Amino acid sequence: MRPRYSFSSRRTRHISKMTKQKQKYPELVSKIVDTSDIILEVLDARFPYQTRNLDLEDQIKEQNKKIIYVLNKSDLTTPEKINKIRFSPKIAISCKDRSKIKDLRDLIKRVAKTIEKIEKRTLKGEKIIQSDEKRIKVGVIGYPNTGKSSILNLLAGKKAAGVGADAGFTKGVQKIRLSENIVLLDTPGVIPQDQYSTDESKKIATHTLFGGKSYTQAKEPDMIIHNLMEKFPNLLQKHYKIKAKDSEELIEKLGKIKGFLKKGGEVDDDKTSRFILRAWQLGEIIV
């Protein structure tokens, strides 16, 4: 069996791809924060602290904007864990189960009523047109693949935003009407700026674990499985009902069980690792 790669001894080979994303989206999302009256920060309910963007939160606080923490994928964790989350205001929802969407819509409307806007109306014939300056703008930000577009669709009650399984599906800003007085502004998912430091390849693995990079795009997925098992000891062994002391043994045994073999009967480590990552990102493995 070929030797495993050490996180401490290897640098990632796809730094340039992350650099391109770093240059492409953060400025756009920052402008959305400037424009919005209320910010919905969509977080993964399983990893709320890891999927926060503290840089943008600082910008929101400096501008005295309202923020609502939306904990999506609540079906993949427990109410007890959600109750332990200390920041607020927060609301736990599940796009998959369509749970608490109405509560989120009502919360947005309540917060919107606390914001004073200068009324500007224009006359078009006998019809009064309300200008965008009067409407409350709600910016939706979040880590890639936390479910922002799905939330927008459910809030709007229609297919208002494109939804894709791969991270980074949303390519630009979309404006979606929530009510006569409120519009939602969708943005691409952005990885927090401090996480672009790639001196440690563990940080690259983290992006995949939290959905920032799709399992189909991940480089060296076996390294990410190693990282996952470090963060959540015995989780994968319990899920797959396999006794294994480390990621190497787990991948080897699971690959044989699933028949993920190369010519000569050797386990296909890449295919087996992506199989695990797919299950992880789709929420089949419960934390």
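1. Start with Lys73. Lysine 73 is buried, at a relative accessible area of 16% (buried is under 20% relative accessible area, exposed is over 50% and partly exposed is in between, using a 1.4 Å probe and protein chains only). The residue sits in the loop between β2 (66-72) and α4, where helices (H or I, at least four residues) and strands (E, at least two) are DSSP runs numbered from the N terminus. Its backbone deserves a look too: phi of lysine 73 is positive, about 70 degrees, although the residue is not a glycine. Lys73 is also linked with Asp44 and Arg46 in a network of salt bridges (a salt bridge is a side-chain nitrogen of Lys or Arg within 4 Å of a carboxyl oxygen of Asp or Glu).

2. A word on what you're looking at. This is a predicted model, in which local features need pLDDT of at least 70 and side-chain atom pairs count only at pLDDT 80 or more, while totals for chains, interfaces and linings use all residues. Residues are numbered from 1 along each chain as its sequence is written, and side-chain values use heavy atoms, with hydrogens and water left out.

3. The overall picture. The chain has 11 helices and 8 strands, and buried residues make up 51% of its 287 residues. Of the contacts (heavy atoms within 4.5 Å) with a separation of 6 or more, 62% come from residues 24 or more positions apart.

4. Back to charges. Side chains of opposite charge can pair when their charged atoms come close. How many salt bridges does a search of the whole structure find? The search gives 10. One to check by eye is arginine 52 with glutamate 57, whose closest N and O atoms are 2.4 Å apart. Buried or exposed? Both arginine 52 and glutamate 57 are buried.

5. Glutamate 249 has two lysine partners to look at. With lysine 245, the side chains meet in a salt bridge at 3.4 Å, N to O; with lysine 253, the closest N and O atoms are 3.0 Å apart. Glutamate 249 and lysine 253 are separated by about one helical turn because they are 4 residues apart in helix α10 (residues 247-258). As for accessibility, lysine 245 is exposed at 70%, glutamate 249 is partly exposed at 22%, and lysine 253 is partly exposed at 33%.

6. Now the helix packing. Two packed helices are described by the angle between their axes and the distance between the axes. Here, axes are lines fitted to C-alpha atoms, for helices over the stretch in contact, and angles run from 0 to 180 degrees between N-to-C directions. For helix α2 (residues 26-35) and helix α3 (residues 54-62), the axes come within 10 Å and cross at roughly 25 degrees. α2 and α3 are therefore roughly parallel to each other (angles under 35 degrees count as roughly parallel, over 145 as roughly antiparallel, 65 to 115 as roughly perpendicular and the rest as oblique).

7. By class, the α2 contact with α3 has 4 nonpolar, 2 polar and 1 charged residues (Ala, Val, Leu, Ile, Met, Phe, Trp, Tyr, Cys and Pro count as nonpolar, Asp, Glu, Lys and Arg as charged, and the others, Gly among them, as polar).

8. Then there's α8 against α10. Helix α8 (residues 221-231) packs with α10 at an angle of about 120 degrees, the axes being 9 Å apart. Asp222, Ile225, His226 and Met229 of α8 make the contact with Ser247, Leu250 and Ile251 of α10. The residues of this contact divide into 4 nonpolar, 2 polar and 1 charged. α8 passes α10 in a right-handed crossing.

9. The peptide bond from serine 88 to proline 89 is cis, with omega near 0 degrees, and proline 89 lies in the loop between α4 (79-83) and β3 (90-92). Lysine 241 has a positive phi near 55 degrees without being a glycine. Lysine 241 is in the loop between α9 (235-240) and α10, and is exposed, with a relative accessible area of 78%.

10. Last stop, Thr272. Threonine 272 is in helix α11 (residues 269-281) and counts as buried at 0% relative accessibility. Leaving aside neighbours within four places in sequence, threonine 272 is in contact with Ile251, Leu254, Gly255, Phe260 and Val267.

Methods
A crossing is left-handed if the near helix is turned anticlockwise from the far one by less than a right angle, and right-handed if clockwise.
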